[in-house]
Amino acid sequence: MNPLKFYKSEPIPLEFHKVRIVQKLNLVPLDRRLLAIKDAGFNTFKLSTRDVFLDMLTDSGTNAMSDNQLAAMMQADDAYAGSQSFDKLQKAVQDVLGKKYLLPTHQGRGAENVICRTFIKPGNIIPMNYHFTTALAHIMAVGGKIAELLHDDALKLQSDNPFKGNIDIEKLEKCIQEHGVENIPFIRMEASTNLIGGQPFSVRNMMDVRKVADKYGIMLVLDASLIGENAYLVKQREEEWKENSMEEIIKMITSLSDLVYFSARKLSSSRGGGICTNRKALYQKMEALIPLYEGFLTYGGISIREIEAMAVGLYETLDETMISQSPDFIHFMVTGCMNKGIPMVTPPGVLGAHVDAMQFCSHIPQEQYPAGALAAAFYLCSGVRGMERGSVSSARDENGNEVLADVELLRLALPRRVFTLSQVKYAMDRLEWIFDNRKLIGGLRFTYEPPVLRFFMGSLEPIVDWPARLVDKFRKDFGDSL
Ligand code: F0G
């Protein structure tokens, strides 16, 4: 939390911004919410925001933009090739991430596609701290496989390990020796490891991974989509880095990486994505794929206005009062919920507050998607849209068998500077209600399952009519309240 101290009131995270443009929200009545979640196939991705009160689905493309970002968008130099806006972006990437060569992509997964197509051959193994859904899908699409090398306790959801995103160095060495250097095109490190609850890695660990990469001559690729938050937690939790600036920490992490890619929808509170490096040969290997899949090399499928916003947003990630807002709110939410006995992922991470759905809904077998069921039930009782991050979000293996996820999470995202503390408190209140009534929630099964990234557009249905039970209990407790 920022260093401001309170006199006598409870220490709450204090906003260092003021709101100047707002969007009206509606909390639609319970009956409408029931219809909406049924129409959405009990998949919160398929809800319309018309029916959503607080949209805690994701921070991707939903962080609040600053006045300076919006102002910059007005100066966009629209050109198919050679846009001066791209020059500004290149300079920002050099200044903030310390990399000279930049390939723009329409978003993070565009970067993943280009990297995977360039470097992975069928049968290759990609060691990593943990996968992200789109990264895994692109690795699998070119015939690669992953090896997740977190420490054993990283999947323990309630923990006091400050760096659950660290790679276990012993496991990394073993993995390389087992599969052979020739089968490992790169090691992937993900900042603020998304799917295990937005958990950071330490700078010390990144240095150790670099040493192993050097020892075997393997490239190190960093997914920097959430590097700002990872750096903020390093500053909070890693003794050696307490006195360093955000800029120094970010630069140290990126300087340890050969290739850095990112989703600008997260990193710079804009749209877009990119890949950057200081190694010209790597840049040249990927260069030709940008016009093929993304767009010309000075826009990469991103609107030029967004490129301007990206450049300004990148510099803003260095501002601690900005980058701390979401993690500090998450800390508030997670600690408050834990105090009420609600099982949350600890230590509090970034991106959102993560509910441990397996423990929350311990009566629902994992094959019946407890996290998906909890996401639907929570929407029903609150109008708040969270995201399932469990077995619905998993991919089937190459033989078509269901792969149950390591963890079943309901993610309640807190995009940067979007929600107020009273809205967060409302979400916490409804979460407590659904926790007290959790036995009323039942399981789900697929009625439509797309073959790739099924969680986006898949449909499910309740195995018994538990939504009706939940609605009855809500009416009993809340009367005619929304
Ligand atoms: N890497 C990480 C760590 C991400 O969190 C994401 C997206 C991507 C890559 C892909 O980037 O969406 O711009 O193509 N995460 C979003 C989320 C979708 O909701 O967590 P993208």
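Tutor: Domain bounds here come from an automatic or database domain assignment. The model is predicted; local features need pLDDT of at least 70, side-chain atom pairs count only at pLDDT 80 or more, and totals for chains, interfaces and linings use all residues. Numbering runs from 1 along each chain as its sequence is written.

At the boundary, 24 residues of domain 1 are in contact (C-beta atoms, placed from the backbone, within 7 Å) with 27 residues of domain 2.

Now look at the domain 1 side. α14 (320-323) and β8 (352-356) each supply at least two residues to it; helices are DSSP runs of H or I with at least four residues, strands are E runs with at least two, numbered from the N terminus. β8 gives the largest share, three residues. By class, this side of domain 1 has 13 nonpolar, six polar and five charged residues. Nonpolar means Ala, Val, Leu, Ile, Met, Phe, Trp, Tyr, Cys or Pro; charged means Asp, Glu, Lys or Arg; the others, Gly among them, are polar.

Next, the packing. The largest nonpolar core has 135 residues. Such a core joins buried Ala, Val, Leu, Ile, Met, Phe, Trp, Tyr and Cys through C-beta atoms within 7 Å; buried means 20 or more other C-beta atoms within 10 Å of a residue's own. Domain 1 and domain 2 each give this core at least three residues. Helix α17 (residues 370-382) makes the largest contribution, 10 residues. L374, A377 and F378 have the most contacts inside the core. Beyond its neighbours within four places in sequence, F378 is in contact with V384, G386, L410, L431 and I434.

Terms used
Contact = placed C-beta atoms within 7 Å. Buried ≥ 20, exposed ≤ 12 C-beta atoms within 10 Å, placed from the backbone.
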